[in-house]
Amino acid sequence: MKLLPLIALCATAVSGLVYDTLGHPPPGAKVYSANDVAALRGIGAHYPGHRDRRTVTIRASRSDTDDISDDFLWGIRRANHGGRLLLQKGKKYVIGKRLDLTFLDNIEVQLDGELKFTDDVTYWQANNFYYDFQKSITFWRWGGRDIRIFGKGTLNGNGQRWYNEFAGQEILDSDNTYYRPILFLTENATRVSVEGITQLNSPCWTNFFVNSNDISFDNVFINAYSTNASALPKNTDGFDSLNVNGLSVTNTRVDIGDDCFSPKPNTSNIFVQNLWCNNTHGVSMGSIGQYPGVLDFIENAYIENVTLLNGQNGARLKAWAGEDVGYGRINNITYKNIHIENTDNPIVLDQCYFNIPTDECAAYPSQVNITNIVIENVYGTSSGAEGDVVADLVCSPNAVCEGIHLENVYIKTPEGEEGVIVCDGISGDIGVDCVESTST
Ligand SMILES: *[C@@H]1O[C@H](CO)[C@@H](O)[C@H](O)[C@H]1NC(C)=O
Ligand SMILES: *[C@@H]1O[C@H](CO)[C@@H](O)[C@H](O)[C@H]1NC(C)=O
Ligand SMILES: *[C@@H]1O[C@H](CO)[C@@H](O)[C@H](O)[C@H]1NC(C)=O
Ligand SMILES: *[C@@H]1O[C@H](CO)[C@@H](O)[C@H](O)[C@H]1NC(C)=O
Ligand SMILES: *[C@@H]1O[C@H](CO)[C@@H](O)[C@H](O)[C@H]1NC(C)=O
Ligand SMILES: *[C@@H]1O[C@H](CO)[C@@H](O)[C@H](O)[C@H]1NC(C)=O
Ligand SMILES: *[C@@H]1O[C@H](CO)[C@@H](O)[C@H](O)[C@H]1NC(C)=O
């Protein structure tokens with residue numbers, strides 16, 4: 001609990017900072033010593049499971065346009081290397097400038113208040129961090145090591161204006177130029193944990209982890225809703241990843257209109273437990289194999305105790321096929337103890353993802369191998385959208401699709417009939433009775 005020498009705290013000062021960590025704190029900012037227990041208690045910086053640290057506070061915003069991003073950046077730099085930035089309960093902190101937070105090393109952010117982004121679409125579309133993968137942009141990026149974000153507060157993407165203006169467009173449409181920011185993004189980060197907070201109304205994906213290791217989310221609530229019935233939130237996925245080893249999501253609730261949890265290319269060692277998803281597109285491995293000549297994989301996932309309500313899909317594996325796509329594998333994935341209600345496609349294996357015509361998939365079958373998949377103890381009901389079909393496992397001809405094992409799958413239709421399982425192109429016995437998609 002000793003203080004670091006001052007020099008270590010200040011070593012990261014760089015040009016371009018409005019408030020230099022060497023100079024006076026910006027107006028309203030304060031730094032408390034880790035030993036000043038009474039003061040830390042007084043500001044709400046005592047937190048179960050987290051030892052007291054040097055704690056930094058910054059001024060709060062006075063309105064939704066009172067941008068405190070310079071103060072926030074100062075606070076992050078001042079708290080870096082062993083300290084904590086506290087965003088206090090009942091206060092709002094508005095971020096109106098893009099932030100590069102890729103220099104972090106041992107920092108805590110206690111988010112008990114609300115951290116909210118401005119909805120200046122013109123500014124953000126000109127100032128963001130851009131990723132080629134599905135043309136993603138973000139407000140900020142977090143990188144470095146040992147980053148812990150926790151608290152009972154809210155990270156608010158202020159998505160309504162983005163929803164209104166994006167209405168009627170499609171993210172995967174090649175003509176789309178209306179890019180929308182991701183709410184939380186890590187890049188080149190190792191050991192990031194997020195605990196307790198709410199993530200609200202992201203303009204686009206809620207979380208995206210790029211080139212990162214050991215990311216964990218626990219007890220987080222993700223929600224996106226619109227007050228405009230003709231402009232619903234779109235593409236507000238709970239969790240997406242690219243080149244990530246070690247991704248854990250536990251005790252988390254997601255209520256959004258797109259994928260609940262969907263690791264993307266090159267994600268391995270995935271652990272999901274006690275996840276609740278309402279109104280989502282399900283827990284999907286993929287899509288992968290989209291980009292020509294590129295190898296993608298998703299490997300070693302254990303997904304247990306998931307509740308999926310009112311969704312488009314439940315448990316899903318998806319890979320691209322067609323003339324100009326990539327290759328790879330989805331291997332060693334376990335879904336266990338999955339409760340599904342009122343869902344269009346409770347179980348899906350799709351090797352001809354997106355809008356590629358069936359004959360093109362047949363002519364150019366997916367080169368994504370799907371192997372060693374266990375789907376065990378799945379119960380509940382479908383929505384009836386696919387008639388009696390509750391599981392649809394369709395592998396492209398010629399693609400490798402083997403070691404697919406289902407056990408104790410009891411999904412009924414809304415009428416209470418036993419659901420039908422469709423299986424095409426799978427090598428070997430899948431463990432349950434199933435019919436070909438061409439059967440009546
Ligand atoms: C709701 O969204 C529609 C579709 O974009 C838009 O035309 C309309 O102006 C929005 N309504 C409000 C109150 O913002
Ligand atoms: C992440 O690391 C890669 C490889 O070292 C590097 O090319 C890239 O610039 C880094 N990204 C950031 C945001 O620092
Ligand atoms: C399963 O997850 C739910 C949350 O969706 C939780 O309430 C329940 O306790 C978990 N069950 C077990 C056996 O841990
Ligand atoms: C789940 O979503 C439905 C709308 O589809 C909503 O009516 C319900 O309140 C949600 N459940 C919970 C527990 O939030
Ligand atoms: C996935 O990893 C492979 C092999 O390491 C690499 O060639 C490929 O570019 C990666 N895919 C993506 C989308 O980064
Ligand atoms: C399969 O994945 C699990 C993690 O879910 C891992 O513990 C196990 O070692 C993997 N199996 C193989 C054969 O790699
Ligand atoms: C897919 O399976 C084939 C046949 O076993 C194998 O040759 C190929 O290397 C596998 N592809 C990947 C990306 O693992």
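Reader: Which residue of β5 is the bridge partner of L85?
Author: That's V109. Before we go on, this is a predicted model, where local features need pLDDT of at least 70, side-chain atom pairs count only at pLDDT 80 or more, and totals for chains, interfaces and linings use all residues. Residues are numbered from 1 along each chain as its sequence is written, while chains are lettered from A and ligands numbered from 1 in the order in which they are written.

Reader: What joins β3 to strand β5?
Author: Four bridges do, and the two strands run parallel. Two strands pair if DSSP finds at least two bridges between them, so β3 and β5 (residues 99-111), with four, count as a pair. Strands are DSSP runs of E with at least two residues, helices are runs of H or I with at least four, and both are numbered from the N terminus.

Reader: How many bridges pair strand β2 with β3, and in what sense?
Author: Three bridges, in the parallel sense; β2 covers residues 55-57. At V56 the bridge partner in β3 is L85.

Reader: What do β2, α3 and β3 make?
Author: A right-handed β-α-β unit. The hand is called right when, with the strands pointing away from the viewer, the path from the first strand over the helix to the second runs clockwise.

Reader: Why is helix α3 called largely enclosed by the rest of the structure?
Author: Because nine of its 11 residues (69-79) are buried. A residue is buried if 20 or more other C-beta atoms lie within 10 Å of its own, exposed if 12 or fewer, and partly exposed in between, with C-beta atoms placed from the backbone. The buried ones in α3 are D71, F72, L73, W74, G75, I76, R77, R78 and A79.

Reader: Which way do the residues of strand β3 point, and are they buried or exposed?
Author: R84 and L86 point one way, L85 and L87 the other, and all are buried; the strand spans residues 84-87.

Reader: What makes H81 count as partly exposed?
Author: H81 has 18 C-beta neighbours inside 10 Å, and 18 falls between the limits for exposed and buried, so H81 is partly exposed. H81 sits in the loop between α3 and β3. Its phi is near 65°, a positive value in a residue other than glycine.

Reader: How do you know that N408 counts as partly exposed?
Author: Again it's a matter of counting: 13 C-beta neighbours lie inside 10 Å, so N408 lands in the partly exposed range. N408 is in strand β26 (residues 401-412), and its phi is also positive, near 50°.

Reader: What is the peptide bond from G286 to S287, cis or trans?
Author: Cis, with omega near 15°. S287 belongs to strand β19 (residues 283-288).

Reader: How many residues does the largest nonpolar core have?
Author: It has 112, and those with the most contacts inside it are W142, V306, I330, I370 and I375. Such a core is a set of buried Ala, Val, Leu, Ile, Met, Phe, Trp, Tyr and Cys residues joined through C-beta atoms within 7 Å. Strand β16 (residues 239-255) gives the largest share of this core, six residues. In soluble globular proteins, nonpolar side chains tend to be buried together.

Reader: Which residues is I330 in contact with, leaving aside its neighbours within four places in sequence?
Author: M285, G286, I288, I298, L317, A319, V368 and I370. Contact means that two C-beta atoms, placed from the backbone, lie within 7 Å.

Reader: Which residues are around ligand 7?
Author: L295, Y327, G328, R329, N369 and V400. To be near a molecule or strand, a residue needs its C-beta atom, placed from the backbone, within 6 Å of it. Strand β22 (residues 327-343) supplies the largest share of this shell, three residues.

Reader: How does the shell around ligand 7 divide by class?
Author: Three nonpolar, two polar and one charged. Ala, Val, Leu, Ile, Met, Phe, Trp, Tyr, Cys and Pro count as nonpolar, Asp, Glu, Lys and Arg as charged, and the others, Gly among them, as polar.

Reader: What surrounds ligand 4?
Author: D255, N278, N279, L309 and N310. By class, one is nonpolar, three are polar and one is charged.
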